[in-house]
Amino acid sequence: MAYWIASVSVRALFQNPGTPQNVCRVFGRPKRFYSNSGAPFVNILVEARGEKNNVGYIQLNRKNNHNAISPDLSKELYRALVDFENDEQIGAVVYTGGEKIFTVGADIPAMKGYGHLDMVKRDFSEYWNKIHTFRKPIVAAVNGYCVGGGTETIMMCDVVYAGEKAQFGQPEIKIGIIPGAGGSQRLPKAIGKSKAMEAILTANLISAQQAMDWGLISKVFPVDQVIPEAIKLAERIAAKPRVAAMMAKQAVKLAYEVPLSQGVQIERTFSVTLAATKDFKEGMAAFLEKREAVFTD
């Protein structure tokens, strides 16, 4: 099946997200690449990055709309994640937006005429939720405003790096609604009930420094270093045993969803399972022989 490589001038409508199994990889200088579904990405930029092209890169690209999360963008994000999940050469993904605006969240102008039934019928949370269910590690790289659905999506990621001017928040109450993609559930787990209540009830923004101090993000960098640092981290993660990385991610996520005793039991099951892999044997041998491990699983 033919692959599509297109210039930045391409403006095609996205239809039928599908679940493509292969991607087109361009080595050397990072280039946008498209899946074999035949439809180019319009609302996001998708590339393979890193020295070994083993880091997936997704950048929101609706600059004229402040990277608002539209239905089409949501579908494309889902499709790109499916591509990366099925690509055995990709070990981790970086998810980012613009330098001044990561995203303003949901596309409010597009929702202006929606009634209750429209909101029920047009539930695109299944596409956003792919970030949460994505099996490989995802690193968010945030600059500028990251509010509403933006804050909700980065809380689904595994590690969050931010620029010193980044701001986070759940301002939905300003338009008479509440977070609709997990904000009211994940924010208290990330920063505590009292701080989450204040942020959601007042729509106050959270600075990058506050976000780091409160545990919402991992590190703060100068604006121009956020994406390079996120890619470096993703490269380090991608160099680790893939199955172990996926199981480690799942085990940590379960800490927020199951009782401690159950989580410890699942962790033990994962650990014993990994002991049967070739990568575990290689890791042990490399440690004893004082050399770098070469992982293959």
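## Lys290 and its phi angle

Lys290 lies in the segment after helix H13 (278-289); helices (H or I, at least four residues) and strands (E, at least two) are DSSP runs, numbered from the N terminus. Lys290 counts as exposed, at 76% relative accessibility. Here buried means under 20% relative accessible area, exposed over 50%, and partly exposed in between (1.4 Å probe, protein chains only). Lys290 is not a glycine, yet its phi is positive, about 55°. Most residues other than glycine have a negative phi.

This is a predicted model, in which local features need pLDDT of at least 70 and side-chain atom pairs count only at pLDDT 80 or more, while totals for chains, interfaces and linings use all residues. Residues are numbered from 1 along each chain as its sequence is written, and side-chain values use heavy atoms, with hydrogens and water left out.

## The loop between E2 and H1

Asn67 also has a positive phi, near 55°, and is a residue other than glycine. The place of Asn67 is in the loop between E2 and H1. Asn67 is buried, with a relative accessible area of 4%.

Arg62 is found in the loop between strand E2 (55-60) and helix H1 (71-86). Is Arg62 buried or exposed? Its relative accessible area is 13%, so Arg62 is buried. A polar atom of the Arg62 side chain lies 2.9 Å from the backbone oxygen of Ala68. This is a polar contact, meaning a pair of N or O atoms within 3.5 Å; within protein, one must be able to donate a hydrogen and the other to accept it, and residues adjacent in sequence count only if both atoms are side-chain atoms.

## Lys136

Lys136 sits in the loop between helix H5 (130-133) and strand E5 (138-142). With a relative accessible area of 8%, Lys136 is buried. Which residues does Lys136 touch, not counting residues up to four places away in sequence? They are Phe84, Glu85, Asp87, Glu88, Ile90, Gly91, Asp158, Met246 and Lys249, where contact means heavy atoms within 4.5 Å.

For Asp87, the backbone oxygen lies 2.7 Å from a polar atom of the side chain of Lys136. Lys249 is 113 residues from Lys136 along the chain, and their C-alpha atoms are separated by 7.7 Å.

Thr151 belongs to helix H6 (residues 149-154). Its relative accessible area is 1%, so Thr151 is buried. Leaving aside neighbours within four places in sequence, Thr151 is in contact with Cys146, Phe168, Gly169 and Gln170. A polar atom of the Thr151 side chain lies 2.6 Å from the backbone oxygen of Cys146. The side chain of Thr151 also reaches the backbone nitrogen of Gly169, at 3.1 Å.

Ala203 is in the loop between helix H8 (193-202) and strand E9 (206-207). Ala203 is buried, with a relative accessible area of 7%. Its contacts, apart from neighbours within four places in sequence, are Gln170, Pro171, Ile173, Lys174 and Glu198. The C-alpha atoms of Ala203 and Glu172 are separated by 7.2 Å, and the two residues are 31 apart along the chain.

## Helices H11 and H12

Two packed helices are described by the angle between their axes and the distance between the axes. Helix H11 (residues 242-254) packs against helix H12 (residues 260-274) at an angle of about 175°, with their axes 10 Å apart. Axes are lines fitted to C-alpha atoms, for helices over the stretch in contact, and angles run from 0 to 180 degrees between N-to-C directions. H11 and H12 are therefore roughly antiparallel to each other, a label for angles over 145 degrees; angles under 35 count as roughly parallel, 65 to 115 as roughly perpendicular and the rest as oblique.

H11 contributes Val243, Ala244, Met247, Gln250, Ala251 and Leu254 to the contact, and H12 contributes Ile266, Phe270, Thr273 and Leu274. Ala244 is partly exposed, with a relative accessible area of 27%.

## The protein overall

The secondary structure comes to 13 helices and ten strands. Buried residues make up 44% of the 297 residues in the protein. Among contacts between residues at least 6 apart in sequence, 67% join residues at least 24 apart.
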